[in-house]
Amino acid sequence: MILWLTLLFPLASAILLLAFRNARAAARTALVAGAAEVVLLGSCAWKLHVYGVLAQGRYLRADGLTLFFLINLGLIFTVVLVYSTGYLRHVPGGRFSSPRWYYALLFLFLFTLLAAYLSSNLGVLWIAIEATTLASALLVGFYNTEGAVEAGWKYLIMCTVGIAFALFGTIALYLAAVRAGVPTSAALDWTVLMAASPGLNAAGALLKLAFVFVIVGYGTKIGFVPMHSWLPDAHADAPAPISAMLSAVLLNCAMYALLRMEAITSHAIGTGFSHALLLAFGGLSLIAAVFLMIVQRDLKRLLAYSSIEHMGIVALGVGIGGPLGLSGALLHAFNHSLAKTLLFFTTGKVRDTFGTLRIDRIRGMASVLPYTSAILIVGGVALAGLPPFGLFISEFTILISAFAGSHYVLAVLMLVAFSIGFGALFFHLQRMLSGEPHASRGGIKILASEAGAMCVCGVCLLVLGLYIPPAFTSMLHNAMAVLQ
Amino acid sequence: MGLVEFAAAKTLASSAVFLFITVLLMAAAKRTNRCIKLFAIQCAVITAQIAALAFMRHSAEAFAVAALVFLVKVIAIPYALLRISRQLKVTPAVVVSTTPVQSVFIVAGLMLLAFAVVQPYARAFALDSEMLAAATAIILTGGFLMISRKKALMQVIGLLVLENGIFLAALTTTFGMPFVIEMGIFFDLLVCVLLLGIFVFRIRETFEHVDVSRLRRLKG
Amino acid sequence: MRIALDLVQFLVLIATAPLLRGVVARVKARIQNRRGASVFRPYFDLWKLFRKEDLVPPTASLLFRLCPVILWAATVAAAAFIPVLRTSALLGNQGDIVLLVYLLALGRFFLMLGAMDGGSSFGGMGASREALVSTLAEAPLLLGLIAIAIVSHGASIATIVQWTAARAPFELSPAHAFACVALVLVTIAETGRIPVDNPTTHLELTMIHEAMVLEYSGPSLALIEWSSAIKLNLMLSLLVALFVPWGMAASDSIPALAIAAGVWVVKMAVLAVALAALESSMAKLRMYKVPEYLGMATAAAILAVVFTAYKR
Amino acid sequence: MINLSFNSCLVLLLAAPVVTLALARWKNTRYLPAFLLLAALIASGGAALGTLLGRGGVSLDLTWLAPYPFALALDRLSAWFLLLLSAAGAPVVLFSASYVERHYKGARRHWLWALLPLFLLSMALVLTAATAFAFLFGWELMTLFSAGLVAIDGFDGERRRSIFIYLVMMHAGAAAVIGAFLGFLPHAANLDFASVRAGAPFMTVGARATIFLLAFVGFGVKAGIVPLHLWLPKAHPIAPSPVSALMSGVMLKTAVYGFIRFAFDLLGAGIPAWCGYLVLVAGAVSALLGILYGLYEHDLKRLLAYSSVENIGIVFMGMGAAMIFNAQGALGWAALALMGALLHSLNHALFKSLLFLGAGAITDATHTQDLEKLGGLLGNMRGTGIAILVACCSIIGLPLFNGFTGEWLAFRSFLAGGELSDVKAAIVLPLAAGVLALVGGLAAACFAKVYSVAFLGRPRSAEAAHAHDVPWAMQAGMALLAAACIAIGVAPSMVLGLAGSIAQQLIPGAVVPVAAGTFFQFIPWVAVFVLAVVVLGLLIPRVSRITPTWACGMPGLDSRMQYTSTSFSKPVRKVFNRVYQPQRTVEILPANQPFFPSSISYRSVRTTTYERLYRPAVNAIINAARGLGRAQTGNIQVYLLYMFLALIAALIYMRFS
């Protein structure tokens, strides 16, 4: 019951929110609805914590892995919602571009994400992931500017094509399952498939085909190079909180789907094939992204490429495998979402102050926006994988797993890429921070809601870098246990 | 053997050929509207095929699916697309990167490729290789249309064709997915087309053209 | 008793330093067909300077007066390392070659500071040139000494001398030959003799050592002059001790010491004559030829080290 | 007791920034951070000394706190470097108490006082880490906090570029260090030092050599080994002087520590012999080039930075010699060479901190650190002048000052190398002594220049003429360091014993040759002797009179006729022209009167820069980035093509897997 409630509440809220034409009323309602949803998510998480697995009907199911990603989703959604109330002070009106549409679509987006996480069926999972694209496309094009429209179009087309591939992969898996004797009604049920996976070995060729299509398909959504091209466009031209949602939640959600598929594939035909593909795509993403970060001219595009880089790292962690690699990957996905949210929040302030996100037009940020600059530096340091922030721990874990697994070439590649990525990130950050501001603009005051949202991210990052609470560790272990 | 059964068997046997023809014609088509109509025909063929299969296997669910396909793909989507195309008030030409002759040859090549690719699978899983090849060819052609056609609407059509191919593949290999999932997929497709329509209009409003190859502000 | 003997030979080395200068000057004069001043003339000069007043430039700091004293002290301390009559020395039993070289460097460093403190351009000129010469001389000096030290299995000067003295005169290795060449060349450079520097020049533009002491007068100048005399004496004595130690007193008996003293005087006289002859027959090198000259010394020193490895 | 003082040091260092920022509003707490830091450093110094004297060590397991094994331990090696940190850090903090007060206001002051303890803490963490995780944690933080401190004086133009280069090079170096640590992984599951140590013997020689090379490069970047030193002369001069002092004096030593930890402790004795030669030659090259570049400079702090390159080179020469001896089985001499490296590290920390503090004092008094604008400071800044004189004597390695002790150990071991049976070693090691002698000579020229141009002669600018000495706290900081320099220089036996115990711990079975002990006990006698002679010299009766300086009989000698820093180094520069390849510009005004000009300006710029070495790699990266950027054409059709190609590539892989 709680699962249904958690899932459907955002949908209901979305519909409800459309009724509010007044921006402030919409914001308040959204906050209330968000709070209620957080409570629901919390109770859901608590039940999961107690029972381990929750299942509802044929299509809803939540386990340890779900819990891990649900916590991530809940956290990011909360800060994004809080940040949005301040951020949306002056949005242009327009069709689908008013606060009520914003909140409604945000809750719709949440609904689709929840559907993806809570579905027990890989077909439903596919539908939900496709729905996330649809729900977020209008948010990406929210500003209705040239860039936003172009980005929205590319986002929609590319992700739909990618998702179509994933559908083909899902169908192939279904075929393999049916051939292996799984009843058709349950042939896409993840638990059933996991249980039956040893028997799927006979249809190995089909499983491989399925995984190839799924990794290319969901990989498009995750932002693997070379299917990543929509990602920088969409991130750059979406409103800042939506960029945060895309980068921190949507990518993780697609990664979650891939993880589920990967678990079945590797259980059935061994880890070799799927891990090789993950390593290839992850390595390619990591390398290409750090190089592309060097030539970026737009702050948000820079951050978007950094997301590709980090998703590459996550993929590498999964691909290296083993408890260490997997835990590192999950931890990294979590940490990355926090750091990226923090940084995207700062871009909102930067755009408000300088009127642009072009790096070469932003000068003297440290003097104009001291606090935002400090947060930007903290976020940059965190993103670069330096202590005392969480990404250091997760990158270190993945590196350890690489060395321990004797993936020396990969490890060297990662170390080199980290250095280049660090250089690229800080090359741009330092240029923005220093110098004389072009126009004498006054810094814009940070609202309490914005400061609070950013603080939560920062503190979480710091805590995960210094001291991982035992509860979090056990959650991580439960998540891993699901996949192994 | 009754007439209906005979018709169903014939449909199943010959639909692949029809599909190949629609694909080739799409590649050669010079106008958007013709493409939309060809798409509708393609979907109609698929509908017939589902219906035939449903009849052969006596599956009520499959009939429902056939009806759904007919409603959504043969009627609703082409109608919407035609409407959009009319309302956009832009030149009807498809604006291609390749000449029609080249397109036809490329699509023919893709078909050959499709046959080559599916052959081992078809043999291994005892499937109808012709249908599977048709599905693959449609997927590939859909991709090709998306890559080579510059108009936004044509990309939508390419996407739909591609999706058709996947649907067909699912149909021939597994006799369709569970009904709920099938429904979800259709729903997604519909919303997707709706959204794409919105964006096509937005592109027209913002850029005063619908040439996606000129949407190159965001790069690097 | 031993300490007393070492003290005596140390005092001898310090006391005879001006005499050596006088002898060299006298021989040089004779070679140049002049009569020359008395060989004791340097003593009179020192005595005169010690009684004169000390002229201090207005800009000079407290270091200006301290520097000559430190130079003197360092040089005197270095002199205590050199075996003259016996195969040991006051500080030479434990004091090794590195300390010796660096004590000389200590004195030189403060001399440079003193020169710069005058505030004129000549002091700077002398100091910067001295910096070049001493920089380039340090490596061959130390390498030459190290080569000998390696051959004789010890770093302290007394050990080296004792080892060499225990050999027959022609038993020495090629390392010794090369080291000897290197050290002779370096000695000439370090003590500021022709062809590196001309101690008797009166042209400021060619001076090295003399330019540095241009501002000094009275007791300060006396200490500096004495120091440079001691340095010449100790370097020549060092050459003697390292390469021709034979004749040094093996026991502490009076006759042995007397013989040793006689032999030492003869050796030093020969060196003084050779130095004078050399100075009379050569022209001073141009400033920027000095690095080449010291380069030769360095090459010889490196060869000496290489031979220690190959010939044992 | 040792545990208590060590823990209290950590707690104080952690508390200091919090207290600073919390009490930022109250004016009368402005000296509180300095007090806290002093207390912390004294506590850590006590803990280090206690450990070195064998009163037990510290071992603090914080694994419950961190996701990976995180333990701190204080063995003798760590304690030595922690002692170094305290000994150099405490005077620097004392100096800062007044310096920061005079130069920084408001937020920047608070940030400085907040970052300084964190910087010290991160260094302490590096030095006492007993697990790879703790080490790397501290290592990365050290870079961050130091970069923050460097940036406190401003973040514009060239400074920004310098800080960026610093950060990037540090990050790349850290990547190498991480690689070096994790390279142990298959044989040391836990990555704490004990298990690494135990696992190392089971590794292949190739693996160990690779780890060694990674460590060498990683620590070489931090230490500033040529040509990895690029960042050093950029970052050190632009930091606030106390921070420069800590960076040059202490932070570089953390790299030395790390290298010793790897080469002598973790990797054990099984490193191939060529590694030693590599280290020795790299050290020699660094020492020589470092001091040559230093000689060229007339910006005081940049000169000091290059001199750090030189001294680190000497330290690496000592370590290289130790490794060669170790490979030859001459354990005693290996220990001696290692002791030389350790002692020189300590000494360099003391005198280089002092020199940087002196540079700070000079900047404080004259608002410039350009040597060409100084002169005659000894008259007005007696305390600073004397302290810096001591530092100059020490850095040159003059006997009776501390610099001599470390260099002597190096010389002595090089000399002993001549007696090795291996011909290669027997030639290379003594020749290294030659290099060291040349370096010593150049250093003497360099610091004679520094001292005489800054403190002696006539002032070259009005600021220099009207300089006043700095407040007592700054002078006291410098005096403490100067006293330490002299104390170690005159009575080195006490520290020699401590260094010897470390060397014996690191090189099991080594018997330190008695030569060192007897020689160091002999040095006080030399000191007494020299001092006695000096006193004798001072007792000579003399009558002084002040007269104008000799100016060839012409009136009007002024400060512009003095030798400048540039002219002083001219002879040496001319000889080493090849190293500098200078680009000279002479400007004579007015141009039509070449023999009676009204002004001549002369500039000489060194054109040998190491950025050229990095240029191809950087260009390759940028070109690759541009190429990839061009592939992002913006055309969605191309993007779709990429997707299909990726799918096809994956399918092909599937076909052949």
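**View 1. Where chain A meets chain D.** In this predicted model, the contact between these two chains draws 50 residues from chain A and 41 residues from chain D. On the chain A side, the elements that each supply at least two residues are helix H6 (146-179), helix H8 (204-222), helix H11 (271-294), helix H16 (390-404) and helix H17 (408-433).

**View 2. Where chain D meets chain C.** Here 67 residues of chain D and 70 residues of chain C take part in the contact. On the chain D side, two or more residues come from each of these: helix H14 (377-380), helix H16 (402-417), helix H17 (423-455), helix H21 (514-539), strand S3 (544-546) and helix H22 (565-575). The largest share belongs to H17(D), which gives 17 residues. By class, you'll find 44 nonpolar, 16 polar and seven charged residues on this side of chain D.

**View 3. A strand from chain C pairs with a strand from chain D.** Zoom in on strand S1 (residues 54-56) of chain C and you'll see that its pairing with S3(D) is parallel and runs over three bridges.

**View 4. Two helices packed together in chain A.** Helix H3 (residues 64-87) and helix H13 (residues 322-354) of chain A pack at an angle of about 5°, and their axes are 11 Å apart. An angle under 35 degrees counts as roughly parallel, so that is how H3(A) and H13(A) lie relative to each other. From H3(A), the residues at the contact are A:Phe68, A:Asn72, A:Ile76, A:Val79, A:Tyr83 and A:Tyr87. They meet A:Leu330, A:Phe334, A:Ser337, A:Thr341, A:Phe345 and A:Gly348 of H13(A). Count this helix contact by class and you get eight nonpolar residues, four polar ones and no charged ones.

**View 5. Chain D on its own.** This chain has 25 helices and five strands. Along the principal axes, its C-alpha atoms fill a box of roughly 95 × 70 × 65 Å. A compact globule of 657 residues would have a radius of gyration near 26 Å, and chain D agrees with that, at 26 Å. Buried residues account for 61% of the 657 residues in the chain. Now take the contacts in chain D between residues at least 6 apart in sequence: 80% of them join residues at least 24 apart.

Conventions. Residues are numbered from 1 along each chain as its sequence is written. Chains are lettered from A and ligands numbered from 1 in the order in which they are written. This is a predicted model: local features need pLDDT of at least 70, side-chain atom pairs count only at pLDDT 80 or more; totals for chains, interfaces and linings use all residues. Two residues are in contact if their C-beta atoms, placed from the backbone, lie within 7 Å. Helices (H or I, at least four residues) and strands (E, at least two) are DSSP runs, numbered from the N terminus. Ala, Val, Leu, Ile, Met, Phe, Trp, Tyr, Cys and Pro count as nonpolar, Asp, Glu, Lys and Arg as charged, and the others, Gly among them, as polar. Two strands pair if DSSP finds at least two bridges between them. Axes are lines fitted to C-alpha atoms, for helices over the stretch in contact, and angles run from 0 to 180 degrees between N-to-C directions. Angles under 35 degrees count as roughly parallel, over 145 as roughly antiparallel, 65 to 115 as roughly perpendicular and the rest as oblique. The radius of gyration is taken over C-alpha atoms; the globule rule is 2.2 Å times the number of residues to the power 0.38. A residue is buried if 20 or more other C-beta atoms lie within 10 Å of its own, exposed if 12 or fewer, and partly exposed in between; C-beta atoms are placed from the backbone.
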